[in-house]
2 protein chains.
Amino acid sequence: MLIRRLGNYARLTPEDEAALQQMLALPIRLAHARRDIIAEGAVPRAVFLIVSGWACQFKTLEDGRRQIVGFLLPGDSCDLNNLVLRRMDHSIGALTDVRYMEIPGEAIQRLTRDHPRIGKALWWQMLVHLSVQREWTTNLGQRNAMERLGSLLCELALRLRDVGLSNGECYDLPLTQTDLADATGLTSVHINRTLQQLRASGLISLSGRVLRIPNFAALQEASLFAPDYLHRAQREARQSHGLAGAGVADHADQ
Amino acid sequence: MLIRRLGNYARLTPEDEAALQQMLALPIRLAHARRDIIAEGAVPRAVFLIVSGWACQFKTLEDGRRQIVGFLLPGDSCDLNNLVLRRMDHSIGALTDVRYMEIPGEAIQRLTRDHPRIGKALWWQMLVHLSVQREWTTNLGQRNAMERLGSLLCELALRLRDVGLSNGECYDLPLTQTDLADATGLTSVHINRTLQQLRASGLISLSGRVLRIPNFAALQEASLFAPDYLHRAQREARQSHGLAGAGVADHADQ
DNA sequence: CAAGACGAATAACATAGATGAGTTACCGCT
DNA sequence: AGCGGTAACTCATCTATGTTATTCGTCTTG
């Protein structure tokens with residue numbers, strides 16, 4: 001699924017995939033649910049790549065208020081950010097039990113030097129992260145509770161679909177209502193109310209951990225969800241300009 | 001100031017600065033206040049570099065609600081994003097009269113190939129953008145009106161100081177209360193109330209377009225503003241790991 | 001099997017901020 | 001000097017969401 005994830009961003013050659021397969025030999029680490037993987041302010045050691053389970057990026061204010069600023073799903077990596085900037089400006093925590101790999105900087109350097117398309121894929125992923133972060137900003141700034149929650153559930157549906165973790169209209173949602181609250185800037189009480197509202201209107205059904213969206217278009221419309229920001233459509237249509245314009249991978253295509 | 005801006009992120013050699021100077025030969029374009037420079041959904045032509053004036057990035061929901069997701073100050077460039085992804089996922093609009101340059105992809109490619117430190121500086125700038133975007137998400141999700149506005153004014157103070165546009169405690173704030181509202185996810189009415197509250201408590205004074213923060217530490221504390229996310233301190237302390245770990249500029253240091 | 005612990009669900013009440021409808025002040029233009 | 005437009009500012013009212021607290025069910029663990 002890891003390969004599928006990256007393959008979504010750039011067409012990988014068999015050699016690329018082989019190299020990725022090889023990297024799967026890296027030790028797989030385990031973080032237990034609700035444990036932090038790395039804390040804000042820490043000096044990061046490596047790039048984290050989620051193999052299975054859900055993690056989140058979050059920031060904490062002095063007085064304890066906490067904002068989840070993004071979810072890391074299987075196949076996602078944390079921002080390369082932490083190899084360039086000196087300290088983590090946010091924390092990464094495991095929401096479920098998480099299996100992940102720590103990819104040392106040198107390995108990434110080697111991998112991207114020898115396999116430019118993988119480098120491109122990582123670069124893309126990061127640009128998409130930025131786009132997603134802008135959308136989250138908009139979500140919190142302009143949408144009401146129902147739209148916020150609906151948009152989030154739509155986003156997760158599409159992202160999970162892209163890594164093969166959603167079979168159509170259902171997916172496993174391992175988040176507590178408190179998690180949803182921290183991600184949407186609401187309280188858990190109000191998330192509860194809003195979930196019920198969504199259920200009552202037939203837009204979702206949620207029993208146990210399984211979320212079902214019987215009519216995606218309907219939820220999308222009710223939430224004013226516009227999926228363009230995920231930049232999914234163009235993945236396969238990607239052209240050769242790649243990263244060249246950013247002066248980053250111009251050497252890579254030769 | 002453009003050079004100073006980039007120089008904040010990476011130590012530039014005299015040659016680098018010369019190359020930048022040369023690029024100043026690019027035609028300078030003018031966007032009038034309140035006009036859009038590029039609209040969401042458009043296919044971007046180039047990277048925009050703000051020479052003078054203020055611009056903003058914003059997203060619009062179907063029903064017209066608008067969220068400003070970031071400000072572009074002199075020396076800032078829009079995300080390289082738009083050279084890699086196919087369509088703009090947000091718009092860029094001029095808040096004041098803006099002088100800017102359109103740097104074609106090839107020019108950036110050349111510049112970063114011949115002047116790796118400039119490439120690094122751009123890359124850094126973009127990672128910082130991502131960090132800032134996360135902070136904005138947190139700002140909207142967790143802070144109340146006064147903290148949101150205070151944090152925003154603090155951020156602008158530091159960013160302007162970095163490009164020499166703030167002489168200590170004052171700076172020119174060309175934003176209307178509606179702009180501030182769109183950036184903070186509040187209404188202009190409530191921005192007005194909140195500004196008065198900030199004035200009454202002596203944390204700011206604002207007459208005409210000139211904002212004055214007589215006691216930065218006080219405003220910072222009242223707003224729970226933690227400037228780390230701007231990654232300012234490390235700019236000069238930057239070490240050689242640069243982008244290597246991201247597999248992006250490893251060729252650049254040789 | 002009892003004791004916690006945690007998450008979902010509910011309820012009563014409080015309030016920050018939105019809404020809608022103004023008035024006033026300023027500035028550029030003719 | 002008069003006009004038109006925009007931004008700052010005000011006020012009264014309303015509501016979406018927060019707060020605090022309690023109950024219930026389920027799972028874990030000793």
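**Notes on the DNA strand C surface and a chain A sheet**

1. Let's start at the DNA: 13 residues lie around DNA strand C, and A:Q177, B:N144, B:A145, B:V189 and B:H190 come nearest. Here, "near" means that a residue's C-beta atom, placed from the backbone, lies within 6 Å of the molecule or strand. Keep in mind that this is a predicted model, where local features need pLDDT of at least 70 and side-chain atom pairs count only at pLDDT 80 or more, while totals for chains, interfaces and linings use all residues. Residues are numbered from 1 along each chain as its sequence is written, and chains are lettered from A and ligands numbered from 1 in the order in which they are written.

2. Which helix gives the most to this surface? It's α8(A), with four residues. α7 (177–184) and α8 (188–200) of chain A and α8 (188–200) of chain B each supply at least two. (Helices are DSSP runs of H or I, at least four residues; strands are runs of E, at least two; both are numbered from the N terminus.)

3. The surface near DNA strand C has five nonpolar residues, eight polar and no charged. Asp, Glu, Lys and Arg count as charged; Ala, Val, Leu, Ile, Met, Phe, Trp, Tyr, Cys and Pro as nonpolar; the others, Gly among them, as polar.

4. Now to chain A, where an open sheet of three strands runs in the order β1-β7-β3, with antiparallel pairing. β1 (29–31) and β3 (46–52) are the edge strands, each pairing on one side only. Pairing takes at least two DSSP bridges between two strands.

5. β3(A) and β7 (residues 98–104) of chain A are joined by six bridges. In β7(A), A:Y100 is the bridge partner of A:I50.
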